[in-house]
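Subject: Structure handover

Hello,

Here is the structure for you to look through. Please open it alongside the notes below.

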Amino acid sequence: MGTGAGPTLLKRQLGRRLRHLREAANITRAQAAKKLIKHKSTITRIEKGDVAADVHLVKSAMDLYDVWDEKLIDLAIGAAKPGWWVRYGVRGGGFVGFESDADQTRELTLLYVTGLLQTEAYMRASFAGGQRRSAEQLEKDIGLRLHRQRRLTDLEDPLELIALIDESALRKSIGGREVMRDQLRYLAERATLSTVTMQIVPNSAGQHPGMDGPFTILRFPEDEDPDVVYVPHQRGGMHVEKPEEVQETTVTFDQVRSMALSPEDSIAFVERLAEELYSA
C-alpha cells in the first residue's frame with residue numbers, strides 16, 4: 001500500500017510474530033503470562049492483535065523467548081500510534097482500521113446500499129432511522145463514511161470494492177423519493193469507476209445463501225495477512241479470522257455472486273429502477 005500499514009494491521013502482525021516466537025521457545029501462554037507479569041487473557045489478546053503490546057513488554061518478551069528482532073520494536077511503536085479515525089470518535093480502529101489497511105473489500109448488503117457507495121443524503125436518512133446519535137456524533141459518523149469513500153478514487157492507495165446489493169435495498173425507500181432517486185443515480189455512476197464492481201442480486205433469483213445477513217470480506221496486500229470477515233450487528237460488529245470460517249463466507253459470497261446480474265446489466269437495472277420507482 002502506498003501509505004503503509006496502519007495501527008490495526010500492525011497490532012495483528014506484532015501479535016502473530018510474538019506468538020511464533022513464544023511457540024518456537026516452547027513456552028505456553030500461561031508460562032509467558034507468569035514471567036511477564038500479565039494475565040493469560042492479556043497475552044491471548046496481544047497475540048490475536050486485539051490490543052497492542054508496548055515497547056517495554058515487547059523487549060521483555062524477546063528476552064524471555066531469547067530472541068532479538070528490532071522490527072518488533074518498530075511494530076510496537078507503529079501499533080501504538082492513533083489512526084486517522086480517532087478524529088471521528090472511533091476508538092481502537094475495529095472494522096475501519098482493518099478496511100483502512102485492506103486493498104480489496106467484498107461486501108454483501110441486503111437492506112441498505114453499500115456504505116462506500118452512499119450519498120450523504122442517504123447516509124443522513126439511514127442514520128436517522130438507526131441508533132440514537134447526538135448531532136455532533138451524527139456529523140462525525142457521516143464524515144467518517146465520506147472519508148472511507150475517498151479510497152475508491154485514491155490513485156496512490158486505492159481500495160477495490162466488489163459490492164453485491166440485494167434488490168430489496170433499492171426498493172426500500174430511505175429518506176423519500178428524491179433521496180432514493182439521487183442515490184440510485186449515484187450508485188450507477190460510481191459503479192463505472194475502475195475500482196468498483198457492483199452487482200445486483202435480483203428478486204427473480206429467489207432465495208440465496210446470503211439471506212442470513214450482510215457481511216464484508218477484507219483482503220490485505222501482504223500474503224502473511226490473511227483475509228478478515230466482518231459481520232455487522234445492531235450495536236457494532238464481529239470480526240471473524242478463523243481460516244475455515246473465512247473460507248465458508250467466501251464460498252457464500254461467490255455463490256451469491258453467481259446468482260447476481262452482470263456488472264453491466266446491474267448498472268442498467270439500477271438506472272431503470274431510479275426512473276420507474278423514484279422519478280418525479
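Predicted model: local features only at pLDDT ≥ 70, side-chain atom pairs only at ≥ 80, totals over all residues.

Residues are numbered from 1 along each chain as its sequence is written, and side-chain values use heavy atoms, with hydrogens and water left out.

Annotated domain

An unreviewed UniProt entry lists residues 18-71 as "domain: HTH cro/C1-type". UniProt positions follow the numbering used here, and such annotations may be inferred rather than shown by experiment. The span is 69% helix and 0% strand. Its end C-alpha atoms lie 11 Å apart. Helices are DSSP runs (H or I, at least four residues) and strands are too (E, at least two), numbered from the N terminus.

Helix H1 covers residues 7-24 and contains Gln-13. Gln-13 is buried, at 9% relative accessibility (buried is under 20% relative accessible area, exposed over 50%, partly exposed in between, with a 1.4 Å probe and protein chains only). Leaving out residues up to four places away in sequence, Gln-13 touches Leu-75, Glu-224 and Asp-225 (contact means heavy atoms within 4.5 Å).

H1 also packs on helix H6 (residues 94-101), at an angle of about 90° and with the axes 7 Å apart. Axes are lines fitted to C-alpha atoms, for helices over the stretch in contact, and angles run from 0 to 180 degrees between N-to-C directions. H1 is therefore roughly perpendicular to H6 (65 to 115 degrees; under 35 is roughly parallel, over 145 roughly antiparallel, the rest oblique). H1 contributes Thr-8, Leu-9 and Arg-12 to the contact, and H6 contributes Gly-94, Gly-97, Phe-98 and Asp-101.

H7 and H8

Helix H7 (residues 120-128) packs against helix H8 (residues 135-149) at about 135°, with axes 10 Å apart. The two are therefore oblique to each other. On the H7 side, the contact includes Met-123 and Phe-127. On the H8 side, Leu-138, Ile-142 and Leu-146 are among the residues involved.

Two loop residues

Asn-26 sits in the loop between H1 and helix H2 (29-36) and is exposed, at 68% relative accessible area. Ile-37, also not a glycine, has a positive phi of about 55°. Ile-37 lies in the loop between H2 and helix H3 (40-48). Ile-37 is exposed at 74% relative accessibility.

Best wishes
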